[in-house]
Each structure stands twice: as structure tokens, then as C-alpha cells.
Amino acid sequence: MKIGIFDSGIGGLNVLDGFLKAGTKAEYIYVGDNFYVPYGTKTQEELEKIITRILNFFEKQSVDAIFIACNTASCASKNLKTNVPIYRIIEPTCVKAREINKSSSKPIALLATNFTVSSHAYDEYLNNIIGVKASAFVPLCEQNLMDTDYAKKVIADTLKDIKGKCDTIILGCTHFRLLKKQIIEYLGPVKIVDSCASFTDILKDLIGKNQLTKDVEPHIIFTKKDKINIDWFNHPYKGIDFIDIK
């Protein structure tokens, strides 16, 4: 099978990382839309236009399924249709969050982009939830600033109001896995729900017996030629292409 994965930048590579570690053999095409990153501060109308061009690109590549790794794009694309099945990251993430938090009476904290929090998309599936607008985390990851004092300050400023109030934290943006260590250091002992991991079981069921017999190196594409730092992505890949997707 040929699987398309896309995100607003490098964050969705965490989803691809999970797919590869799970041993799912498919032909993967990853698109990081760094031309328009960040998505989380844009309007619904802007996002629909931005996302449509990516979906059209995947259809032209004859993919069998599209996994929208970006939480913001998952919220904003509900009214968009394609001839290819689309899998969005939010609902499976909520299923995992409910399971992890079932023994706690405290609310679940959702760390996500401003757009995702304002959309209340997670509220459709979870009752006791506190949304934290964390769009400021995205450039920390895109610019490889995770292990800096500046990142610690941004994290503290963003999360100070939920410290000690929640046992379960949803990383509601694929970028945020890169800040998982720093978030736990600030918040203390909390349970992390990684939205990236929620997709893997869905992919396993989808591929089933249609797995390739051997590994194929994924094709990684970005929409703007720029310095891309993905040293943390510890898998062979065909190299990085920069394609102007219109």
C-alpha cells in the first residue's frame, strides 16, 4: 500500500516514526508543509485552502490512504472530501486519553495549537478537559530550540496555570512529542497521551495482509526549501525533496 502522511512541518515525522517502529511495511510519502507553518494561528478559510492543495497532491500520487497527522488540519478539514480515505488524529487520541485517565477525578489537559483549542474538537469526545493554547511551542520544535533556556521559559509561561491540576496531558500537536521531556520536567509526574502513537493501531488494521514484503525507504517532502533539522528521525529515508505544491 501507498500511505500519505502530512503535517504543517516536521512534527508528523513522529507519526511516521511510530509507523516504522511498529514494523508496518508500506510505501510512505510524507509532506511537511513548512511553507505555511504554523497552521495553528490561521483562519478556517485559510486552512481549508492550504489543506486542499495537499490532499490533491496525494490523490495525484495515487495513495491508498491519507493520515492527517496535524491536529489543526484534522479540525479544519472535516468538510473537505477526497476520493481517498482520510484518517484524522483527534478521535483515536481521545480514546487513548479516556483509557489512561479513567482512574483520575482530575481534568485532562490538552496542549494544542490556538486553533485546535478554540475549535473545541476534543470536547466532542472528552467531557472533563482543559484546553491550553500552546502555538508558541511549534517554533521551538521547528527551529530545534527544545533544549534551550528559552524553551524552558516558554513552557513555564504556557503551562503555569495547569501545574498540579491535571494527571493526564494530551500532546495535541505532533510537534510536541519533541518537547515531552521538558514538559514532564516542568509539570512533574503526569501521564502523557501522545497523539502520534494513537494512529499506529489504525494503520495496522488498514494494511493487514497488504504489507510489502520488504522495507521501502519513505519519501520525505517539504513545501519550502529551507534548513530542515530532523537528526532525531532515526530511520533511513530517500532524502528530502522540496516541492512547490500548488
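Tutor: With one side chain in this predicted model. Arginine 177 has a relative accessible area of 21%, so it counts as partly exposed.

Student: Which residue forms a salt bridge with arginine 177?

Tutor: Aspartate 194 does, with the closest N and O atoms 2.5 Å apart. Arginine 177 sits in the loop between E7 and helix H8 (180–187), and aspartate 194 in strand E8, so the pair ties together parts 17 residues apart in sequence. Shared partners join Asp17, Lys21, Arg177 and Asp194 into one network.

Student: Is aspartate 194 buried or exposed?

Tutor: The cut-off for buried is under 20% relative accessible area. Aspartate 194 has 13%, so it counts as buried.

Student: How many salt bridges does the whole structure hold?

Tutor: The search finds 12. One of them links lysine 106 and aspartate 167, at 3.6 Å between the closest N and O atoms. Lysine 106 lies in the loop between H4 and E5, and aspartate 167 in the loop between helix H7 (149–159) and E7, so this pair bridges 61 residues of sequence. Aspartate 157 and lysine 153 also form a salt bridge. Those two both lie in helix H7, 4 residues apart, about one turn.

Student: How do I read the sheet?

Tutor: Strands of a sheet pair through backbone hydrogen bonds, either parallel or antiparallel. Here the sheet is open, has 4 strands in the order E6-E5-E7-E8, and pairs in parallel. E6 and E8 are the edge strands.

Student: What packs on the sheet?

Tutor: Helix H4 (residues 90–101), which touches E5, E7 and E8. The directions of H4 and E8 make about 165 degrees.

Terms used:
Residues are numbered from 1 along each chain as its sequence is written. This is a predicted model: local features need pLDDT of at least 70, side-chain atom pairs count only at pLDDT 80 or more; totals for chains, interfaces and linings use all residues. Side-chain values use heavy atoms; hydrogens and water are left out. Two strands pair if DSSP finds at least two bridges between them. Contact means heavy atoms within 4.5 Å. Axes are lines fitted to C-alpha atoms, for helices over the stretch in contact, and angles run from 0 to 180 degrees between N-to-C directions. A salt bridge is a side-chain nitrogen of Lys or Arg within 4 Å of a carboxyl oxygen of Asp or Glu. Buried means under 20% relative accessible area, exposed over 50%, partly exposed in between (1.4 Å probe, protein chains only).
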